[in-house]
Amino acid sequence: MKNSIYIVDDHSMLKNGLKNYLESNTKFTVTGAFAGGAECLDALKNEKSELPEIIIIDIQLAENESGFTLVKELKKLYPSIKIIMYSMYDTWGFILQAKDLGVQGYISKVASDEELVRCLSVVQAGGTYYEKKSESIQSELESITSVLKKQEKVVFEMALQGKTNKQIADELFISLHTVENYISYLIKLAGCKKREELIEKYK
């Protein structure tokens, strides 16, 4: 349904504040607000009218649920719905992951109201909107990710999100040695000397 929005965020005050702001100051109507992915998917499955046009999703939901898990399900089940990630995490690791999943918008919770509305308008019109960061860093990252294989790219994104080699190995169900090899390759590719330098360069 045109101008309709779902919000998925486990912080009640922020969720309600965002709903009130959008409905008081924009053309958008919040037709559903949920704390987690399961609630959102249930609502979509039982939706008797039209689906929402846009869903705004926080990256970190309740009980360590990742908003990206919900994004994957939505892309598979409801590809027509546009998605905006709205989070306190504005590092490149999360932005790259959102782009890889086909998310149309990514904006920080500390962004201005005007930028959020601009993001919604661009995404609604069929464009993509990622909160403005260093263009030189973005260009450099694109040159790196363009030569990476799928799993190398995932390891790169997770490292830039601050995850340790062991956390990456556990989440991807691969050996620690494999992760270490990937990280060594990424360090060299980025022209860095150690892992910490790589993370600092693209945080």
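This is a predicted model: local features need pLDDT of at least 70, side-chain atom pairs count only at pLDDT 80 or more; totals for chains, interfaces and linings use all residues.
**Start of helix 3**

I began at the start of helix 3, where a side-chain oxygen of serine 66 comes to within 3.1 Å of the backbone nitrogen of phenylalanine 68. I count a polar contact as a pair of N or O atoms within 3.5 Å; within protein, one must be able to donate a hydrogen and the other to accept it, and residues adjacent in sequence count only if both atoms are side-chain atoms. Helices (H or I, at least four residues) and strands (E, at least two) are DSSP runs, numbered from the N terminus.

Residues are numbered from 1 along each chain as its sequence is written, and side-chain values use heavy atoms, with hydrogens and water left out.

**Buried side of helix 3**

Which residues of helix 3 are buried? I found Gly67, Phe68, Leu70, Val71 and Leu74. They sit on the same side of helix 3, because they cover an arc of only 150° around the axis. (The arc is that of the directions from the helix axis to the C-beta atoms.) Buried means under 20% relative accessible area, exposed over 50%, partly exposed in between (1.4 Å probe, protein chains only). An α-helix has 3.6 residues a turn, so residues three or four places apart point the same way.

I then looked up what these buried residues pack against: strand 1 (4-8), helix 2 (37-45), strand 3 (54-57), strand 4 (82-87) and helix 4. Contact means heavy atoms within 4.5 Å.

**Two residues from those partners**

I picked glycine 37 in helix 2. Glycine 37 is buried, at 2% relative accessibility. Leaving aside neighbours within four places in sequence, glycine 37 is in contact with Val8, Leu61, Glu65 and Leu70. I also checked glycine 37 against isoleucine 57: they are 20 residues apart along the chain, with C-alpha atoms separated by 9.1 Å.

Next came isoleucine 54, in strand 3. Its relative accessible area is 0%, so isoleucine 54 counts as buried. Not counting residues up to four places away in sequence, isoleucine 54 touches Ser4, Ile5, Tyr6, Phe28, Ile81, Lys82, Ile84, Leu120, Val123 and Gln124. The C-alpha atoms of isoleucine 54 and lysine 99 are separated by 16 Å.

**The largest pocket**

I put its volume at about 700 Å³. Of the 21 lining residues, the closest to the centre are Phe68, Gln97, Met158, Lys163 and Glu171. Helix 3 (67-77), helix 4 (92-100), helix 7 (150-160) and helix 8 (165-172) are the elements that give two or more residues to the lining. Which element gives the most? Helix 7 does, with five residues.

I sorted the lining into eight nonpolar, six polar and seven charged residues. Ala, Val, Leu, Ile, Met, Phe, Trp, Tyr, Cys and Pro count as nonpolar, Asp, Glu, Lys and Arg as charged, and the others, Gly among them, as polar. A pocket, on a 1 Å grid over the protein atoms alone, is an open set of points where a 1.4 Å probe fits, with protein on both sides within 12 Å along at least five of seven lines; lining residues have an atom within 4 Å of a point. Grid points are joined across faces, edges and corners, and a volume is the space filled by probe spheres set on the points.

**Positive phi**

Most residues other than glycine have a negative phi. I noted asparagine 3, with a positive phi of about 70° although it is not a glycine. Asparagine 3 lies in the segment before strand 1. Is asparagine 3 buried or exposed? At 18% relative accessibility, asparagine 3 counts as buried.

Phenylalanine 173 has a positive phi too, near 60°. I found phenylalanine 173 in the loop between helix 8 and helix 9 (176-189). Phenylalanine 173 is exposed, at 75% relative accessible area.

**Chain start**

Methionine 1 is in the segment before strand 1. I have methionine 1 down as partly exposed, with a relative accessible area of 37%. Beyond neighbours within four places in sequence, methionine 1 is in contact with Thr31, Glu50, Leu51, Pro52 and Glu53.
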